[in-house]
Amino acid sequence: MQEMHGTTICAVKRDGKIAIAGDGQVTLSNSVIFKNNAKKVRRIYDDKVIIGFAGSVADAFSLSERFEEMLNKYSGNLMRSAVALAQLWREDKIMHKLDAMMIVADKDTLLILSGAGDVIEPQDNVCAIGSGGNYALAAAKALKQNTDYSAKDIAFKALKIASEICVFTNDNITVEEIF
C-alpha cells in the first residue's frame with residue numbers, strides 16, 4: 001500500500017488572534033498528486049480548537065481523533081490535552097509509529113505536536129510543519145516582522161509563497177481563525 005503525504009500547515013498568532021492555514025494537496029508516493037482539495041485544517045471541540053495536520057493521511061486523522069478524545073477528557077484544556085497525547089504517543093506501540101504532526105490552537109495557546117511526541121510552543125508565535133513548512137515559516141516570519149498584516153493574512157500569504165516553491169504544496173488554501 002502506498003502512503004499519501006504532502007502538505008504544508010502554517011500558524012500565526014498576532015493581536016489576540018490565531019490563524020492556521022493549510023494547503024489542499026495530497027501526494028501519492030512522492031510523485032502523483034492524488035487530491036488537490038483536501039481539508040487539513042479544521043475546527044474541533046465545539047469549534048473552540050483549530051488543528052492543522054501534516055504527514056500520512058491516515059496517521060494524521062488517527063492523531064487528530066486521539067487529540068479530540070484528550071480535549072474531551074481534560075475539558076478543553078489545550079496544554080494538558082497536548083501533553084497527555086504526547087505521553088500516549090511515546091508509550092503506545094501503535095501510536096509510536098504514526099507518521100504525522102499537528103499544529104493545535106485555542107484562543108490563547110498555539111502548539112506544535114511533533115512526530116516524536118513532543119509538545120512545542122513556537123518561538124515568536126509563528127510555526128509551520130509539513131513538506132513546505134520551512135518555506136512557509138520563513139515567509140510568515142518575514143511578513144510578521146515587516147508588515148501590519150493580520151494573523152489570517154500572514155498565514156494565507158505564507159502558504160501562497162510556499163505553494164510557489166514546494167512541489168508538495170498547492171494554492172488551494174484553507175484558513176481558520178480563532179480569537
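This is a predicted model: local features need pLDDT of at least 70, side-chain atom pairs count only at pLDDT 80 or more; totals for chains, interfaces and linings use all residues.

Q: How many salt bridges does a search of the whole structure find?

A: Side chains of opposite charge can pair when their charged atoms come close. In this structure the search finds 5 salt bridges. One of them joins Asp108 and Lys107, with the closest N and O atoms 3.0 Å apart.

Q: Are Asp108 and Lys107 buried, partly exposed or exposed?

A: The classes rest on relative accessible area: under 20% is buried, over 50% is exposed, and partly exposed lies in between. Asp108 has 46% relative accessibility and therefore counts as partly exposed. Lys107, at 47%, is also partly exposed.

Q: Which parts of the chain does the salt bridge between Lys141 and Asp124 link?

A: In this pair the closest N and O atoms are 3.3 Å apart. The bridge links distant parts of the chain: Lys141 belongs to helix H3 (residues 133–146), while Asp124 is in the loop between strand E10 (119–120) and strand E11 (126–130), 17 residues apart. Lys141 has a relative accessible area of 26%, so this residue is partly exposed. Asp124 is partly exposed as well, at 43% relative accessibility.

Q: Where do Asp171 and Lys160 lie in the chain?

A: Asp171 forms a salt bridge with Lys160, and their closest N and O atoms are 3.3 Å apart. Lys160 is in helix H4 (151–163), and Asp171 is in the loop between H4 and strand E12 (174–178), 11 residues apart. Asp171 is partly exposed, with a relative accessible area of 49%. Lys160 is partly exposed at 32% relative accessibility.

Q: Over which ring does the charged end of Lys17 sit?

A: For a charge over a ring, the distance to read is the one to the ring centre. The charged end of Lys17 sits over the ring of Phe179, 4.9 Å from its centre. Lys157 has its charged end over the ring of Tyr149, 4.9 Å from the centre of that ring.

Q: How does the span of helix H1 relate to the one expected at 1.5 Å a residue?

A: The expected span is 1.5 Å times one less than the number of residues. H1 (residues 57–73) has 17 residues and reaches 24 Å from its first C-alpha to its last, close to the expected 24 Å. Just after H1, Ser75 takes a positive phi of about 50°.

Q: Which residues of H1 are buried, and why do they line one face?

A: The buried residues are Asp59, Ala60, Leu63, Ser64, Phe67, Met70 and Leu71. Seen down the axis of H1, these residues fall within an arc of 130°, so they line one face of the helix. The face turned away from the buried side carries the exposed residues Ala58, Glu65, Asn72 and Lys73. The cover over the buried residues of H1 includes strand E6 (41–44), strand E7 (49–55), helix H2 (78–91), strand E8 (100–105) and strand E9 (110–113).

Q: What covers the buried residues of H2?

A: The cover includes E7, H1, E8, E9 and E10. The buried residues of H2 are Leu78, Ser81, Ala82, Ala84, Leu85, Ala86 and Trp89. H2 has 14 residues and reaches 20 Å from its first C-alpha to its last, close to the 20 Å expected.

Definitions and conventions
Residues are numbered from 1 along each chain as its sequence is written. Side-chain values use heavy atoms; hydrogens and water are left out. A salt bridge is a side-chain nitrogen of Lys or Arg within 4 Å of a carboxyl oxygen of Asp or Glu. Buried means under 20% relative accessible area, exposed over 50%, partly exposed in between (1.4 Å probe, protein chains only). Helices (H or I, at least four residues) and strands (E, at least two) are DSSP runs, numbered from the N terminus. The arc is that of the directions from the helix axis to the C-beta atoms. Contact means heavy atoms within 4.5 Å. A charge sits over a ring if NZ of Lys or CZ of Arg is within 6 Å of the ring centre and within 35 degrees of the ring normal.
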